Amino acid sequence: MSSVLLHSLTPLPPYRRRSTALRSTHHVLQQTSKRSIAFTCKSVTDDGDDGYLLDAPVSAGDGFSFSGGKYSDGPNPADEWFKQGRYMKAHPVYGTGEKARDPIFGLAMGGSSQASTDVFRWFCVESGNVDKPSVLLIHGFPSQAYSYRKVLPLLSKDYHAIAFDWLGFGYSDKPQPKYGFDYTLDEFVSALESVIDELGVNKVSLVVQGYFAPVVVKYASNHQEKLNDLILINPPLTAKHANLPSTLSIFSNFLLGEIFSQDPLRASDKALTSCGPYKMKEDDAMVYRRPYLTSGSSGFALNAISRSMKKELKKYVEEMRKILMDDDWKVKTSICWGQRDRWLDFDGVEDFCKAAKHRLVELPMAGHHVQEDSGEELGSILAGLISRKVRI
């Protein structure tokens, strides 16, 4: 299938035609001054588990979703990707143990939207020999481990490469805020520590893309002894970078954010294609959309993360700059930069790298999500940057 820009896809695929609510979202918002928004609620009690769907004639989703209903009629790439991975458990669930309820209607959400009872489940995909040096590939905001699908095979020859979905993304658990995980940046730091401890590696190289870079750097500052290398891909490095682009910050708005985050074309497609030259194939789009099509929990997690980023990112970026420029920072650090990033300006990046004495690698044809725009090229670059003679 030829590549297309997803936010301009026509005609709509079959599963998008199953619900009129998603197609009319923007029209409804424009009419709010004239009439109230009307929702159609339907309760579901499969297997004795209370939950609900919105405008979903086929009970195949869980929770709140404008798309609702059945995802697709046949095999899809999301299922194939899932088969390549496995679940691991890391980071304890904190909270009262109450059943999660959505923030709009206060109705109990379906089983897939509930937190694990003890320890969270993380979806991860591994490639290469476990006896070789470990490389952890950490996706950005918003994205999935799937973004590294072209990088994993290239690293597998010399390394044990692992990519995982953050909580709230992809196939990992998506606890609702105030029901076990609130999606603060401090929580993400402790969650990353739990993941690395669970993997059982003594030394690891960390690769992180985008707005989660400050989270990873904060973890690394307290665990330098565990790191062989640190590679940052288009991280927010300057004061100007501390402000989320409108494409993401809109999800932090009250009610409007909750509505837009249930639209998979806005929550996944636009977020990935508006930040650079990336052209996504329909098969790849199906993987990114699936969490938003099958459950409202993904959208509500996106709201929570956006609000935390909007509130805490500035402090975290300032702290990251200090850490990376400190004389006590001993980890070999490299920064890869896609020059066609529409979210983060390159101004000031080169000066920072020179001042901090970190290697800068520029990719002229890539945007913010470098692993999507230039996956094979990035894989080769990473293989060259990561120390070959490292401790395992």
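The legends below describe close-up views of a predicted model.

**View 1. Overview of the predicted protein.**
The secondary structure comes to 14 helices and 10 strands. The protein has 392 residues, and 59% of them count as buried. Among contacts with a separation of 6 or more, 78% join residues 24 or more positions apart. The accessible surface of the protein is about 16300 Å². Carbon and sulfur atoms account for 49% of that surface.

Eight strands form an open sheet in the order 3-4-6-5-7-8-9-10. The pairing is mixed. From one strand to the next, the twist averages 25 degrees. Strand 3 (86–92) and strand 10 (359–363) stand at the edges. Each has a single partner strand, so one side of each lacks a neighbour in the sheet.

**View 2. An antiparallel pair, strands 4 and 6.**
Strands of a sheet pair through backbone hydrogen bonds, in either a parallel or an antiparallel sense. Strand 4 (residues 119–127) and strand 6 (residues 160–164) take the antiparallel sense. Four bridges connect strand 4 with strand 6. Cysteine 124 sits opposite phenylalanine 164 of strand 6.

**View 3. Strand 5 and its two parallel partners.**
Strand 5 covers residues 134–138. Strand 5 runs parallel to strand 6, with five bridges between them. Here leucine 136 is opposite isoleucine 162 of strand 6. Strand 5 also pairs with strand 7 (residues 204–209), in the parallel sense and over five bridges. In that pairing, serine 134 is opposite valine 204 of strand 7.

**View 4. Side chains of strand 5.**
Are the residues of strand 5 buried or exposed? Five of its five residues are buried. In a regular strand, side chains alternate between the two faces of the sheet. In strand 5, Ser134, Leu136 and Ile138 point one way. Val135 and Leu137 point the other way. Residues in both sets are buried.

**View 5. The largest nonpolar core.**
This core holds 72 residues. Which members touch the most others? They are Trp122, Leu136, Phe141, Trp166, Leu206 and Leu230. Helix 11 (residues 297–325) gives the most to this core, with 11 residues. A second, separate core has 36 residues, including Leu152, Ala285, Val361 and Leu378.

**View 6. The surroundings of phenylalanine 141.**
Neighbours within four places in sequence are left aside here. Beyond them, phenylalanine 141 is in contact with the aromatic residues Phe169, Tyr211, Phe212 and Trp343. Its contacts also include Leu244, Leu248, Leu302 and Ile305. Ser306 and Met309 are contacts of phenylalanine 141 as well.

Side chains of opposite charge can pair when their charged atoms come close. The structure holds 15 salt bridges. In one of them, aspartate 79 meets arginine 290, with the closest N and O atoms 2.5 Å apart. Aspartate 79 lies in helix 3 (residues 77–83) and arginine 290 in helix 10 (residues 282–294), so the pair ties together parts 211 residues apart in sequence. Aspartate 79 has 28% relative accessibility, so it counts as partly exposed.

Aspartate 229 and lysine 332 meet through their side chains in a salt bridge, at 3.6 Å from N to O. Aspartate 229 lies in strand 8 (residues 227–233) and lysine 332 in strand 9 (residues 332–338). The two are 103 residues apart, and the pair links distant parts of the chain. Why does aspartate 229 count as buried? Its relative accessibility is 2%, and buried means under 20%. Lysine 332, at 39%, counts as partly exposed.

Glutamate 350 forms a salt bridge with lysine 354. Their closest N and O atoms are 4.0 Å apart. Both residues lie in helix 12 (residues 349–356), four residues apart, or about one turn of the helix. Glutamate 350 is partly exposed at 34% relative accessibility. Lysine 354, at 59%, counts as exposed.

How values were computed
Residues numbered from 1 in each chain as written. Predicted model: local features only at pLDDT ≥ 70, side-chain atom pairs only at ≥ 80, totals over all residues. Heavy atoms only, no water. Core = buried A, V, L, I, M, F, W, Y, C linked by side-chain atoms within 4.5 Å. Buried < 20%, exposed > 50% of the residue type's maximum accessible area, 1.4 Å probe, protein only. Contact = heavy atoms within 4.5 Å. Pairing = 2+ DSSP bridges. Axes fitted to C-alpha atoms, helices over the stretch in contact; angles between N-to-C directions. Areas by Shrake-Rupley, 256 points an atom, 1.4 Å probe, with all protein chains shown as cover.
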